[in-house]
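Please walk through this model with the structure open beside the text.

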Amino acid sequence: MEPTNLASKVLSEIQVRPVERGEETRYQEQMVRHHYLGGLPKIGETVWYVATWREEWVAQLSISAAALKCGVRDRWIGWDFRSQYGRLKLIANNSRFLILPDWHRPNIGSRVLSLTERRVVTDWQTRFGHPLLLLETFVDPGASMVACIAQPTGSSWD
């Protein structure tokens, strides 16, 4: 199989799922070892995800409840403190994203983010009993060596 076809096959076989309770130690150990910000405990509403290819871990993500205050976000949405208070639970934050060292390949990041975006709304509703309307992420350009943007078909990200 040619390299381009192999890469496409690998991308098409990647799956994203929540981390199981018995995998949480492994998840945290790898996050501490490989993410520049280290691990992050589950505080409040948080779902940890793992992307796999044929049972091999490819990437890890943490989706958490949104920060109480974020001026850029609040201005973009156009809300003040009063309107924010009851609606903040409708936003989640991609608080960690780690592509594991052996998986730094073209399009892996976009594929993993896209798959996560497709399932997080259902997972969030099931676990926490309320919907998500916005998924936010922040990137430190000084610390990030790779940029990836996932805009699934049908989405209208600004």
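**Strands, a helix face and salt bridges**

Strand β4 (residues 91-99) pairs with strand β5 (residues 134-137) in the parallel sense, over 4 bridges. Ile91 stands opposite Leu134 in β5. From β4 the chain crosses through helix α5 (residues 108-128) to β5, and this β-α-β crossover is right-handed. Right-handed means that, with the strands pointing away from the viewer, the path from the first strand over the helix to the second runs clockwise. Two strands count as paired if DSSP finds at least two bridges between them. Helices (H or I, at least four residues) and strands (E, at least two) are DSSP runs, numbered from the N terminus.

This is a predicted model: local features need pLDDT of at least 70, side-chain atom pairs count only at pLDDT 80 or more, and totals for chains, interfaces and linings use all residues. Residues are numbered from 1 along each chain as its sequence is written, and side-chain values use heavy atoms, with hydrogens and water left out.

Now turn to helix α2. Which of its residues are buried? Tyr27, Gln30 and Met31 are buried in α2. Buried means under 20% relative accessible area, exposed over 50%, and partly exposed in between (1.4 Å probe, protein chains only). Seen down the axis of α2, the buried residues fall within an arc of 100°, so they line one face of the helix. The arc is that of the directions from the helix axis to the C-beta atoms. An α-helix has 3.6 residues a turn, so residues three or four places apart point the same way. The buried residues of α2 pack against β2, β3 (56-65) and β4; contact means heavy atoms within 4.5 Å. The face turned away from the buried side carries the exposed residues Thr25, Val32 and Arg33.

Next, the charged pairs. The count comes to 7 salt bridges, each a side-chain nitrogen of Lys or Arg within 4 Å of a carboxyl oxygen of Asp or Glu. Glu24 bridges to Lys42, with the closest N and O atoms 2.9 Å apart. Glu24 lies in helix α2 (residues 24-34) and Lys42 in the loop between α2 and β2 (46-53), so the pair ties together parts 18 residues apart in sequence. Lys42 is partly exposed, at 32% relative accessibility.

Glu136 and Arg73 also meet in a salt bridge (3.1 Å, N to O). Glu136 lies in strand β5 and Arg73 in helix α3 (residues 71-77), so this pair ties together parts 63 residues apart in sequence. Both Glu136 and Arg73 are buried.
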